[in-house]
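Work through the exercises below with the sequence and the coordinates open. Each task is followed by a solution in steps.

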Amino acid sequence: MSFLTRHDVTGERELLAVFVEQQADQIATSLYGLSHEDLGRAASASAMTLGALARHALLMIEGTVLRVQAAPEASAPAPRTPEQAAAEGPIDPSALREEDTAESLAAALREAGGALGAALLAADPATSVPIPQAPWFPTEGEWTVRWVALHLVEELARHAGHADILRESLDGKGTYELNARSDGEPWPAEWAQG
């Protein structure tokens, strides 16, 4: 998927799906070419790592797929051990798993983004979605699939920005270069910022 979001969308459902998939893809692209050690390295004043951020994004996306598919009924949470959920929710560095690689996390993010896109294409945007139980969410009311999708675009875009900063802090690679390289396109030296 290229850096720019597709512009040939034909309706609200497709628009929601395309934007959510694009933001998941941008987090995946930030992982391009990294080692397991790089995935676990804190590259800024924050303890946040790209591997933990990818795991957090997966938790959010997979949970949203389940909520959208179950709506208007409540859904089960994304399948995680209690330890995994405790690390992935707050983006703790321990969320990175021993078996994680840049390639496996990027593939999982793209697959989860596609699954959410498909769920959004199949759902009525006006369908009510029960609010998950969490201390940071309101305890009363309902959301709609539309609101949930837009909220996830907002959250993933915020985290894609985090990923951009973390990646550039690791090795100086910026978003445009990473998008070109991950798509197998050349990155001319004259385009490099310096």
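**Exercise 1. Element order and overall dimensions**

Task: In what order do the elements of the chain run from the N terminus on, and how many helices and strands are there?

Solution. The model is a predicted one. Read from the N terminus, the order is α-α-α-α-α-β-β-α-α. That gives seven helices and two strands.

Next, take the dimensions. The C-alpha trace spans about 50 × 40 × 25 Å along its principal axes. A compact globule of 194 residues would have a radius of gyration near 16 Å, and the chain has 17 Å, which agrees. Of the 194 residues, 42% count as buried. Among contacts between residues at least 6 apart in sequence, 68% join residues at least 24 apart.

**Exercise 2. Helix α1 and its cover**

Task: Check the span of helix α1 against 1.5 Å a residue, then state which elements cover its buried residues.

Solution. Step one is the span. Helix α1 covers residues 12–29, and its 18 residues should span 26 Å; the end C-alpha atoms are 26 Å apart, so the two values agree.

Step two is burial. The buried residues of α1 include Leu16, Ala17, Val20, Gln23, Ala24 and Ile27. A residue counts as buried under 20% relative accessible area. Gln23, located in helix α1, has 15% and is therefore buried.

Step three is the cover. The elements over the buried residues of α1 include α3, α5 (102–122), α6 and α7 (175–182). For Gln23, leaving aside neighbours within four places in sequence, the contacts are Val153, Leu156, Ala157 and Ala160. An α-helix has 3.6 residues a turn, so residues three or four places apart point the same way.

**Exercise 3. Packing of α1 on α5**

Task: How are α1 and α5 oriented to each other, and which residues make the contact?

Solution. The helices pack at an angle of about 170°, and their axes are 8 Å apart. Angles over 145 degrees count as roughly antiparallel, and α1 and α5 are therefore roughly antiparallel to each other. From α1 the contact includes Leu16, Ala17, Val20, Ala24, Ile27 and Ala28; from α5 it includes Ala106, Leu109, Gly113, Gly114, Leu116, Gly117 and Leu120. By class, this contact holds 12 nonpolar, four polar and five charged residues.

**Exercise 4. Packing of α3 on α6**

Task: Repeat the analysis for α3 and α6: at what angle do they pack, and how do the residues of the contact divide by class?

Solution. Start with the angle. Helix α3 (residues 50–70) and helix α6 (residues 145–171) pack at about 170°, with axes 10 Å apart. They are therefore roughly antiparallel to each other. Among the α3 residues in the contact are Leu53, Ala57, Met60, Ile61 and Val68, and among those of α6 are Val148, Leu152, Leu156, His159 and Leu166. The residues of this contact divide into 13 nonpolar, four polar and two charged.

Then check each helix. The 21 residues of α3 reach 30 Å from first C-alpha to last, close to the 30 Å expected. The 27 residues of α6 reach 38 Å, close to the 39 Å expected. Helix α3 is mostly covered, with 16 of its 21 residues buried.

**Exercise 5. Backbone exceptions**

Task: Where is there a cis peptide bond, and which residue has a positive phi although it is not a glycine?

Solution. The reference case is that most residues other than glycine have a negative phi, and most peptide bonds are trans.

- The peptide bond joining Ala71 and Pro72 is cis, with omega about 10°; Pro72 sits in the loop between α3 and α4 (82–88).
- Ile91 is not a glycine and has a positive phi of about 60°. Ile91 lies in the loop between α4 and α5 and, at 10% relative accessibility, counts as buried.

Key
Residues numbered from 1 in each chain as written. Predicted model: local features only at pLDDT ≥ 70, side-chain atom pairs only at ≥ 80, totals over all residues. Heavy atoms only, no water. Axes fitted to C-alpha atoms, helices over the stretch in contact; angles between N-to-C directions. Helix = DSSP H or I, 4+ residues; strand = E, 2+ residues; numbered from the N terminus. Parallel < 35°, antiparallel > 145°, perpendicular 65-115°, else oblique. Contact = heavy atoms within 4.5 Å. Nonpolar A, V, L, I, M, F, W, Y, C, P; charged D, E, K, R; others polar. Expected span 1.5 Å × (residues − 1). Buried < 20%, exposed > 50% of the residue type's maximum accessible area, 1.4 Å probe, protein only. Rg over C-alpha atoms; globule rule 2.2 N^0.38 Å.
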